[in-house]
Amino acid sequence: MSRERAFGAIDRGAEGLAAGILGVIAVIALVQVFSRYALNRSLSWSEEAQIFGHIWIVFLGIPIAYRRGAHLYIETFCDKLAPASRSAFNLMVELMWAAFAVSLMVLGWKVVSIAHLQTSPGLEVPMSYPYTGMVLGGAYLMFVALRRIAGGVWRVRP
């Protein structure tokens with residue numbers, strides 16, 4: 001398998017996981033509404049499961065949006081730079097994304113380590129489960145950042 005095909009498979013896997021989690025959240029929300037209004041019985045775990053799913057979607061969504069170039073940025077300052085300075089600026093931005101990825105992984109791991117000692121009240125699972133998304137999202141973000149840096153996305157062609 002070529003490197004590009006492997007990278008594509010990883011990207012599709014991350015996007016599929018995020019989409020799957022969103023689908024599960026939607027189903028849980030529908031079941032919650034049906035249970036509350038049709039059966040007059042509220043589910044004790046549904047809101048917590050949806051919150052945990054949102055945590056995973058956020059931390060998987062950051063690198064997905066970054067890879068697609070969908071994060072908001074302002075080009076006005078960058079447009080006024082000479083091509084060499086612009087390339088340096090773009091490289092600095094890419095390196096900042098990599099630093100953010102490292103901070104997500106390191107700080108996320110600290111949160112996971114502490115949260116593992118606590119159990120969630122509704123689902124009764126270790127609280128490290130939802131926050132593992134922070135570590136995995138940071139790892140995927142680092143993967144994307146290194147790909148972009150190595151691929152020369154930051155270079156400006158004169």
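Select helix 1 (residues 3-37) and helix 2 (residues 46-68), which pack at an angle of about 150° with their axes 9 Å apart; helix 1 and helix 2 are therefore roughly antiparallel to each other, a label given to angles over 145 degrees, while those under 35 count as roughly parallel, 65 to 115 as roughly perpendicular and the rest as oblique. Axes here are lines fitted to C-alpha atoms, for helices over the stretch in contact, and angles run from 0 to 180 degrees between N-to-C directions. Helices are DSSP runs (H or I, at least four residues), as strands are (E, at least two), and both are numbered from the N terminus. This is a predicted model, in which local features need pLDDT of at least 70 and side-chain atom pairs count only at pLDDT 80 or more, whereas totals for chains, interfaces and linings use all residues. Residues are numbered from 1 along each chain as its sequence is written, and side-chain values use heavy atoms, with hydrogens and water left out.

Between helix 1 and helix 2, select Asn40, which is found in the loop. Its phi is near 55°, a positive value in a residue other than glycine. Most residues other than glycine have a negative phi. Asn40 is exposed, with a relative accessible area of 71%; exposed means over 50%, buried under 20% and partly exposed in between (1.4 Å probe, protein chains only).

Next, move to helix 4 (residues 83-115) and helix 5 (residues 128-151), whose axes come within 8 Å and cross at roughly 160°, so that helix 4 and helix 5 are roughly antiparallel to each other. By class, the contact of helix 4 with helix 5 has 22 nonpolar, four polar and two charged residues. In the loop between helix 4 and helix 5 select Glu124, which has a positive phi of about 55° although it is not a glycine, and which is exposed, with a relative accessible area of 61%.

Leaving aside residues up to four places away in sequence, Glu94 touches Tyr66, Ala145, Arg148, Ile149 and Trp154.

Bring helix 2 back beside helix 5: their axes come within 8 Å and cross at roughly 5°, which makes helix 2 roughly parallel to helix 5. The contact of helix 2 with helix 5 divides into 17 nonpolar, three polar and three charged residues.

Finally, zoom out to the whole protein, which has five helices and zero strands. The radius of gyration, taken over C-alpha atoms, is compared with a globule rule of 2.2 Å times the number of residues to the power 0.38; for this protein the radius is 20 Å, well over the 15 Å that the rule gives for 158 residues, so the protein is more spread out than a compact globule. Along its principal axes the C-alpha trace spans about 65 × 40 × 35 Å, and buried residues make up 35% of the 158 residues.

Methods:
Contact means heavy atoms within 4.5 Å. Ala, Val, Leu, Ile, Met, Phe, Trp, Tyr, Cys and Pro count as nonpolar, Asp, Glu, Lys and Arg as charged, and the others, Gly among them, as polar.
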